[in-house]
Amino acid sequence: MRKQNTGALQQMEGQKEKVGNNELKALGINDIEILVNFSRVANGLLKHGVMDKANILANLEALIDDPMPYALKKGGKFKNLAEDVIALRREGKFVKQERSNFKLKEEIAEFPVWGLENIEVGALTQMRTAIQLPIAVAGALMPDAHQGYGLPIGGVLATTANTIIPFAVGVDIACRMCLSIFDLPAEAVDTEKDKLKNILVDNTYFGMGCTTKSYFDSSLFDSKTWGETKLIRSLKDKAYAQLGTSGTGNHFVEWGEFDLAEGALADIPAGKYLALLSHSGSRGFGGTIADYYSKIAMTKTKLPAEAKHLAWLDLDKDEGQEYWIAMNLAGEYASANHHEIHNKIARALGVKPISMIENHHNFAWKEHLADGTEVMVHRKGATPAGEGVLGIIPGSMSTPGFLVRGKGDAASINSASHGAGRAMSRSAAFKTLDKAAIAANLVDKRITLMGSDVDEAPMAYKDIHTVMAAQNDLVEVLAKFEPRIVRMADAREKPED
């Protein structure tokens, strides 16, 4: 597929997208004359590509709250509007209409917590706030949980079916695991070490802005969904350039020893196999989508300060539908990224995998609770674990990951942990962990590491065995994956997760 030039198309599309009167009224603007002036300025900026819709609405909201800073700014895009608002208020002709603010529920519903003894207070507090949202139906906290933005990492939140919370999905939309099992002996990680290491070097790409120039399969970009919204269209070229690449932070591609239990998978005999495991998401495409719609959500849904990052979008409105379309496309794109990596590596290896297993753990799904209630289930750093559903829960660069089968536990909202979970922040890791001790640990575990830094050291994570023991009622362990040859972003790369 040829890369498309969308520059001219983007200019044309700027004329099609509009800041609607209902969106302006939601900011508290009801006077017809003022509404017309705001609409003219907002849509003029949008048409000429001066500012995107989310930033326009955010600026208008701030202007209505306090117009003086905008009036004082020479040459500012909103200066005339601000001066008009100030003049009208002096004449008593423009009284700011209060926007509808949402209050949290006074009664706090109980929510189950797995591995409570190893979960920080901040994560518990965030989950407690989330369950108080007026749209919250149910929640659960996984044993790898730690504090994040809005919903904690490891948090599961079911909301009313027509609502979706961008920050409860996560910034790296559709961050995902993918496992390829090869019909080769696990000992290959030692006997073919140099070959496997070189294959990783030649076929994986890490970093915030990294791109590739050749593709195994770019057919996803033939999908009509890439033309659904202006924002998606504007990001298509970037997404195409980053297809088959990985991010920074805890994203990895690694070879390992895969130990499969008797009868675990119907089509693969028990035994030890060579396997490839990868962890990454939707790259810059998903990150931009998350940032754009999070701003819109926080503009439209006013919540108390402690809950502001849990602002939601309504699926019955345009912005909610746009986010839903973009999020699902990010899911397809994240999967395509992993397939691109695994297919290129399999081709270089000269052996096709006998099985490929994958799952999202930053996503939202329309599902039903045990009582039949239709809900939107947000899993932010949580693995789907419905009855019979396969999933992958990694450890760290020197501790095992696990192939699991969900037990369909209703209390957990059919979920499990997405990994070991951080035991300390990145900054704490840099301050407290000893590089010599980290190096000794990698030698002891026979790990060949390319890239990474102190903040991703095994000691920065919780004990994966403790985490798995805490969720015996959520998943059945089918196989263990021991990492041996690990590729991550270089230390100089700033983490994205």
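Tutor: Start with His 360, which lies in strand β8, residues 355–360. Strands here are DSSP runs of E, at least two residues long, and helices are runs of H or I, at least four long, both numbered from the N terminus. A word on the source: this is a predicted model, where local features need pLDDT of at least 70, side-chain atom pairs count only at pLDDT 80 or more, and totals for chains, interfaces and linings use all residues. Residues are numbered from 1 along each chain as its sequence is written, and side-chain values use heavy atoms, with hydrogens and water left out.

Is His 360 buried or exposed? His 360 has a relative accessible area of 12%, so it is buried. Buried means under 20%, exposed over 50%, and partly exposed in between, with a 1.4 Å probe and protein chains only.

Now look around it. Beyond its neighbours within four places in sequence, His 360 is in contact with several residues, including Ala 174, Cys 175, Gly 331, Trp 365 and Pro 384. Contact means heavy atoms within 4.5 Å. Arg 176 is also on that list.

Step back to the chain. The protein chain has 16 strands and 16 helices. Of its 497 residues, 55% are buried. Take its contacts between residues at least 6 apart in sequence: 77% join residues at least 24 apart. The C-alpha atoms fill a box of roughly 85 × 55 × 45 Å along the principal axes.
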